[in-house]
Amino acid sequence: MTDPAALESFNLDPRQLARIEAVHGGFLYQHLYAAACLFHAAQAGVTHVVVENDEDVELVRPQEQIYAQIKMRSAPLIFSDIEDALKRFEAIRTEHAEGRRIGGCRFAIVSNSTPGPDLARRIKAAGWPADVALIVPGSAPTDSALPAPPPSIPAAFDACRALAETLPLAILAPETLVWKLAGRIMAASGGVSPNADHSFATADLPTLFEQLVIQLQDFPAPPVRYRPQEGEPGLVTDQRVRLVVGFSGAGKTSWVSQTALHTTDRLAYYDVADVAGPALASAVARELAARIFGTRGGKLGEILLPGASGVEILLAIGRHLAYDGLTATVVLDNAHRVPAGDLIALIDASDTIYFVLLAQPGSAVARIEATLGLQAEPLLGWSNDTAAAEGASLGCRGNFEAYERLLKLTGGLPLYVQNALKIAGQSYGDSVMGLCDALEARTHVVETAQELILADVFEVLGETERRAVAALSLSDVPLTQAEASEVLKRSFNIDAAAAACAFRRLRSSGAIQVFGVDRLKIHDAMRPLGRGYLDGAGADHLRKTQEAIRDLLTADLVKENDRQRIFLLLRMFVALGNIKPLVEMATDELFHEMGYMHEIADYLVQASTSEAVSAEDQFWALDGLVFADFKKGDDAEVQARLDRMDALMRENKLGLTERLAVGMKRMVYAARVKDAKTVQKIMDELARVLPQTPQHLRVAKYNYAHALFELGLMEECTVGTLDLIADYYDQLGLTISDVMAKNPDAIYPLLKEGENHTDDLKHLADALDLQSKAVKAMGNHSGLAPIHAMKFYTMAQSLESFVRVGQDLVDDFIGRHDYIGARDVIERNLMPRIVNLKLAGRVIPVRSQYAVVLAYCGAIEDAEAEMARLAPYEGGLDEKGQRELQNQRALISFLKLNPPPPQWEMPAQLSGPLAKR
């Protein structure tokens, strides 16, 4: 090793050495400043940086040129230091003024030293050129192309290194890059290639900076108006590998692009659709390295080592992430196009890299699930409210039920819903219901995106699978595998083994959804294609399928009173023209209570005037229609229907049951139109023929009391219901104490054994409800009657009446300023019931009432938000529904400005057990 002492006396002339150091130091400072200009060039709009030409550094823009003289001094700057430069500036200025150089020109003297007193006075004097700037440490910036001059060479190096660290995708370490640039600038200053013309083009800087050349795949742009899907998952979770599956049009890519905007984790997106499986790890590794480490100067050089394989690069990425205590998430789109084995090699490379695989259903997905031990996550599609909001934005009209039908027809997949709504606007007068009618009847003339996209999926299925989709497309409710096999057997003569094989293949293709252990259903999005195939197979196959579904649902009706299966059964009855069971159902009060009537009302209207239908069936079809009219409060057709029932009874000599049925309804109708004389006349007539059985007498008492209520005779109505309520309690084997402070599940065991009490429970609830309304009409408090009525309606499964009485009870609570009690009734009783049982016709009235209750509770913002969610349905409501929604909105606005009276407080002596209702 050389002795330092010997080096100290190595030179003969220290002053000469100092001069040499000053010269080279000045050049180095100048080169480092030029390097800083190179880092700033692109953002400053500079096209070329020229060194050691007319001036030390020249910055060229399309419309001007900046000439900079660089001075490093150890003492304050004096005029003689820059006098020659000012003379050259004048010559250059003349060149531009006389047109020999294009564009404008400006000048700068850049120095690490501040000006001395004399120079400072000259700069401030009037004769100093206006286009010459003096830039020293601490000066105000004059141009983004001219960096602030550092005070020393070490400071200049540090400034350049900091700029190098910000370069995206830089492979060289920042220090290495700065020294490389200084050397290249020195070579250019000497006219040495590759920049012998002293010029650096900004377009060539990425190569000069040794930035990685890679085509980064950005996340796809999210839709301009993104609407989230129901129960939408987050993009980043604790699960390291996830598989999100959905048909084309399910919104997978939109979901990823939108959620990525709100995710702070390190993310990378790669569409692997056209990547060969063996090349996957390498392609993803380079992408991920560039994404995560591209802004950390030089880090890529440590990761993208020459000759490193994709897996080795991923291992290196994982080590760096682990060292920093970080993780990263990679989204692989179209993952179903990559062999599962290649995915394993990619995924197993590092535990710190998380993966979200986006795929379309099919056998490839089944292999990925099996190989990686994953369970696919579906996107659940849009909710009713989201579809309605989209429809309203497109000018479509539809109520809650219409959008519920649309979601069933499209599977709720965003692209399919959007396309269907556009067709509704273009071809069906903006009517969502009109479009749904056409799609269900297969009479639409414009092919939907759903049909066009999924046709490819349907066509690659085998013949047995297509027939399975066709036959089961008639069912919008899950069937057991045995039931589904029976349908295939009867419709296309497919045996059980072939059916099971078809189910397995359809499940892997995504065409079948499995619920629980043994229930399956054709995906809603695929059902229209299956129905089209079934129609093309001929009327015989269609009828066999309908009969098979009808028979299995009828046999199951006693065991499983499932509301959605009954709806399907009704549709099969209508499709097959089975009038008898429809009439029988239409005359059952519980049939109306469950909300089934709207499914068959149009068919009953046709049957009631059809000569092909027996007089008795016509009569009972009319009876069901009149009962429905009474429940809706719609009297427009009642008189004509009652007259038709009378005529059928007389002309065909129908029996006493028919006479009592039409008589009771005539009496109630007469009361509704305030015809007391006719009411009394019918009462007298019925009394003469009424069988004196307890059941007939109880029904008659109720109808008499109902007529008194309609006539406005509230006190008489109240008295009439007292005995009736007591009779029903006796019939059920209950006392008032059995019902007080008990829920329905605790009351059931107290009923008389050995009898079906459904009708009696419903009629007791009717009597309590009627009494409650009469008491309130007289200005009195109805007590516990409505609460007990709700209990009995629940036990009788009388859903419509349960919700109606519940809404009345909410109004009662509001009237007594018990806003918390009103909110409790809706949140714990009404909302869960209408959601779970899908009472579409009740959703908007209950939710708008809930918004009002929220406003009374002081939650104005929540109330307004709920009304905003309901606003898209308004155009699809009838006049009464629109008026109700508008009134609720106006009331909320009023309460916002005029708060209601304070919340009612229970007296202290009633706050114990006696307060239970």
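Me: Is Arg-847 buried or exposed in this one?
Reply: Buried. In this predicted model, Arg-847 comes out at 9% relative accessibility, and the cut-off for buried is under 20%.

Me: Okay, which residue does Arg-847 form a salt bridge with?
Reply: Asp-385, with the closest N and O atoms 2.6 Å apart. Asp-385 sits in helix α14 and Arg-847 in helix α40 (residues 840-856), so the pair links distant parts of the chain, 462 residues apart.

Me: And Asp-385, buried or exposed?
Reply: Buried too: its relative accessible area is 19%.

Me: Which residue pairs with Glu-390 in a salt bridge?
Reply: That's Arg-227, and the closest N and O atoms are 2.5 Å apart. Arg-227 is in the loop between α7 (205-208) and β7 (241-245), while Glu-390 is in helix α14 (residues 384-393), so this pair ties together parts 163 residues apart in sequence. Both Arg-227 and Glu-390 are buried.

Me: Switching topic, what about Glu-440, which partner does it have?
Reply: Arg-405, with 2.7 Å between the closest N and O atoms. Glu-440 belongs to helix α17 (residues 432-441) and Arg-405 to helix α15 (residues 400-410), 35 residues apart. Glu-440 is partly exposed at 41% relative accessibility, whereas Arg-405 is buried at 16%.

Me: Which residues do shared partners join into one network?
Reply: Glu-589, Glu-593, Lys-631, Lys-762 and Asp-766, through salt bridges that share partners.

Me: Last one: how many salt bridges are there in the whole structure?
Reply: The search finds 61.

Technical notes:
Residues numbered from 1 in each chain as written. Predicted model: local features only at pLDDT ≥ 70, side-chain atom pairs only at ≥ 80, totals over all residues. Heavy atoms only, no water. Salt bridge = Lys/Arg side-chain N within 4 Å of Asp/Glu carboxyl O. Helix = DSSP H or I, 4+ residues; strand = E, 2+ residues; numbered from the N terminus. Buried < 20%, exposed > 50% of the residue type's maximum accessible area, 1.4 Å probe, protein only.
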